[in-house]
Amino acid sequence: MSSLKIYLFVAAVLAAAPIAHGDINPSEIENQLKGLRSVASDQKPAIIVKLATDIRSLPAGTQKLGYADALSHLATEGDPGHDALQAVVDTLSAALTESPVPAKGDKIPMPYHQVAILVRYEGVTTTLKDPLYDRAAKMLADNEADIQKADFTLTNLKNKKVTLSELRGKIVLVNFWATWCTPCRAEMGDLDLLQRYLGSQGLVVLSITDENGFKVTQFIGGNKYAPDVVLDPGGKVHQAFHITGIPRTFLFGRDGKLLAVAIDQRSRRQFLEMLSKTDLHQ
């Protein structure tokens, strides 16, 4: 999710919510959330845990829920570790338990989606008991079933057609990205290395964007990026894969079976952990 959307949401929450009392300063929390992307990776886990703890100590209400939701989006960028992500989902679950968000029609509020996403794809657990969370968890399973059946033919930057089903026998990482996406750009170096060093064993990295081909070609700059960059004008493949935020990465085995899903920016270690589900020799 873009940082602009996150912080606009937080700002709206702050405007509508009362100022919290006690030792925790809400403005400090907001500033730390805004600066989280610039924190060194080795320091980020401790800061995320501290932020989760501080947010959890706030009084129940929309302010607390807004901060918890914002942290849940930012914490998955990179590799903060299990303990940090568990602290995040615990805080968001507690905030939702204290201040449930009503659904608008059939639409499930985003915080319930975030808990379901963290539990399904980050190996954490939750004690949240809510029908909206249950619906969000089921939706993720249903989306995966759709993705398993999906196929596409897209054109790469060299004007060559690429069809997913014709890559059977290969191990395929389908990565959704965009030039404007900071977390996407951060993981491109590792995706490039994976393609260069594991391509001989049958790994294919497909980088899918719905942006203009000229803009993407300018950004990539010749043959500097090893993964095959393919264009999805109109975003039909994005829709088929239920893409609501980027980056997103899907791992398919040689038989075409969906093996793993990454919901945000991954580190090299995390990509290699995904690929450990295959027969690649790393």
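Colleague: Where is proline 247 found?

Modeller: Proline 247 sits in the loop between helix H10 (236–240) and strand S6 (248–252). Helices (H or I, at least four residues) and strands (E, at least two) are DSSP runs, numbered from the N terminus. This is a predicted model, in which local features need pLDDT of at least 70, side-chain atom pairs count only at pLDDT 80 or more, and totals for chains, interfaces and linings use all residues. Residues are numbered from 1 along each chain as its sequence is written, and side-chain values use heavy atoms, with hydrogens and water left out.

Colleague: What kind of peptide bond joins isoleucine 246 and proline 247?

Modeller: Most peptide bonds are trans. The bond between isoleucine 246 and proline 247 is cis, with omega about 0°.

Colleague: How do I read phi, and what is the value for histidine 242?

Modeller: Most residues other than glycine have a negative phi. Histidine 242 is not a glycine, yet has a positive phi of about 55°. Histidine 242 is also found in the loop between H10 and S6. Asparagine 159 has a positive phi too, near 65°, and lies in the loop between strand S1 (153–156) and strand S2 (161–163).

Colleague: Is asparagine 159 buried or exposed?

Modeller: Buried means under 20% relative accessible area, exposed over 50%, and partly exposed in between (1.4 Å probe, protein chains only). Asparagine 159 has a relative accessible area of 67%, so it is exposed. Histidine 242 counts as partly exposed because its relative accessibility is 32%.

Colleague: How many residues of strand S3 are buried?

Modeller: Six of the six residues of S3 (residues 171–176) are buried, so the strand is largely enclosed by the rest of the structure. Ile171, Leu173 and Asn175 are buried on one side, and Val172, Val174 and Phe176 on the other.

Colleague: Which strands are joined to S3 by bridges?

Modeller: Two strands pair if DSSP finds at least two bridges between them. Six bridges join S3 to strand S4 (residues 203–209), and these two run parallel. Leucine 173 has valine 205 in S4 as its bridge partner. From S3 the chain crosses through helix H8 (residues 182–198) to S4, a right-handed β-α-β crossover. Right-handed means that, with the strands pointing away from the viewer, the path from the first strand over the helix to the second runs clockwise. S3 and S6 run antiparallel and are joined by five bridges; there, asparagine 175 stands opposite threonine 249.

Colleague: Which residues touch the most other members of the largest nonpolar core?

Modeller: In soluble globular proteins, nonpolar side chains tend to be buried together. A nonpolar core is a set of buried Ala, Val, Leu, Ile, Met, Phe, Trp, Tyr and Cys residues joined through side-chain atoms within 4.5 Å. Here the largest one has 83 residues, and Phe241 and Phe250 touch the most other members. Helix H5 (residues 82–98) gives the most to this core, eight residues.

Colleague: How many aromatic pairs are found in the whole structure?

Modeller: Rings of Phe, Tyr and Trp (its six-membered ring) pair if their centres lie within 6.5 Å; planes under 30 degrees apart count as stacked, over 60 as edge-to-face and the rest as tilted. The search finds six aromatic pairs. Phenylalanine 176 and phenylalanine 241 form a tilted one, 5.3 Å centre to centre with 50° between the planes. These two are 65 residues apart in the chain.
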